[in-house]
Amino acid sequence: MSLQYIGAKMIIVRALVAGLNLIVQEASGHPLRNSTQPIHLAAMVPLQLYNTLQEPEEKEKLKAIDKILIGGGNIETKMEKDLQSFPNAIYSTYGMTETLSHIALRKLTNPGSSVVYTPLPGIQVTLNQEGCLEITAPALANEKIKTNDLAELYPDQTFRILGRKDNIINSGGIKIAIEQLEEMYASFIPFPFAATSVSDSKFGEAITLIIQAGNDALSSLCFNTIPAKYKPKQFLAVERIPITGNGKTDRLQCKKLAESYIEKRKKQAVTLCEEISWPSI
């Protein structure tokens, strides 16, 4: 990962504290492609993990790493299921720049895989009136760290992240978290995608699905098993899902892309996957 992000900086800190050798690789969507040395600890974002799992040689290298930390975004359900049988310890992490990397972990591989995050020692979490997570970390900050992450909090302090407050779609008076939509869609969409919304005179906001595939792939999607309120009302096929520099889905650009498409479609028939080419990562 690029050293401008806290996740990469903290790998250097961990190597210094633990006396480990630091293996330097160029920031890439395929971090293991050119690796040749045994690796004890690695950190990746979900996009890097996804790319690695698509290449058999890189996948085997992934299995050989003792411990892997995945952070910076959601891990889709199918990928989690694929990881459960891996022989090494792979963890999904929860944290942010303000907490200097992660403050909670959940294991993705068996034994001990979990759907909830467990805070690290010395960390306490609560929910505010909006249902967003607040973090008390005396070693990191004098005040509670407020987040925009909607969560379910359990009596033992474990928690589930439902989505970000600023990623809520209000469609016909029903509030829906984009992350929950994507988790719902992931079981039957075989290619990269992102959920967003566009302004709509009837619903206020209309759920819009952006897929990284050709227009012909839209006909293969079946939403019959999903309640009507969660079904996409607009579809858009593009060559590449917009992403940020650290591999997360670029929510703002997805929304702008969808709004632009709808405006153009109102004026003329347009195939955006022929007009827009997103750079590879």
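A nonpolar core is taken here as a set of buried Ala, Val, Leu, Ile, Met, Phe, Trp, Tyr and Cys residues joined through side-chain atoms within 4.5 Å. Buried stands for under 20% relative accessible area, exposed for over 50%, and partly exposed for what lies in between (1.4 Å probe, protein chains only). The model is a predicted one, so to speak of local features takes a pLDDT of at least 70 and side-chain atom pairs count only at pLDDT 80 or more, while totals for chains, interfaces and linings use all residues. Residues are numbered from 1 along each chain as its sequence is written, and side-chain values use heavy atoms, with hydrogens and water left out.

With that settled, the largest nonpolar core has 19 residues, and Y185, L209 and I211 have the most contacts inside it. Two or more residues come from each of α5 (178-185), β12 (193-200) and β13 (204-212); helices (H or I, at least four residues) and strands (E, at least two) are DSSP runs, numbered from the N terminus. Leaving aside residues up to four places away in sequence, L209 touches a list of residues that includes Y185, I189, F193, L221, F223 and F235, where a contact means heavy atoms within 4.5 Å. There is also a second, separate core of 16 residues, with L32, I39, A42 and M44 among them. In soluble globular proteins, nonpolar side chains tend to be buried together.

Helix α2 (residues 46-54) is largely enclosed by the rest of the structure, because seven of its nine residues are buried. Those seven are P46, L47, Q48, L49, N51, T52 and L53. They pack against β1 (41-44), α3 (56-63), β2 (67-70) and α4 (77-83).

Strands count as paired if DSSP finds at least two bridges between them. On that basis β4 pairs with β3 (residues 89-96) in the antiparallel sense, over six bridges, and S92 stands opposite R106 of β4. Strand β5 (residues 118-119) also runs antiparallel to β4, joined to it by two bridges; here L105 has T118 as its bridge partner.

L100 counts as partly exposed, at 47% relative accessibility. Q157 is another non-glycine residue with a positive phi, near 80 degrees, and sits in the loop between β8 (145-153) and β9 (159-164). With a relative accessible area of 25%, Q157 is partly exposed. In the loop between β4 and β5 lies P111, which a cis peptide bond joins to N110, with omega about -5 degrees.

As for open space, a pocket is an open set of points on a 1 Å grid over the protein atoms alone, where a 1.4 Å probe fits, with protein on both sides within 12 Å along at least five of seven lines; lining residues have an atom within 4 Å of a point. The second largest pocket has a volume of about 770 Å³. Its lining has 29 residues, and I11, L22, I23, V24 and Q25 are the closest to its centre. Helix α1 (6-18) and β1 each supply at least two lining residues, and α1 gives the most, with five.

Definitions and conventions: Points joined across faces, edges and corners; volume = space filled by probe spheres on them.
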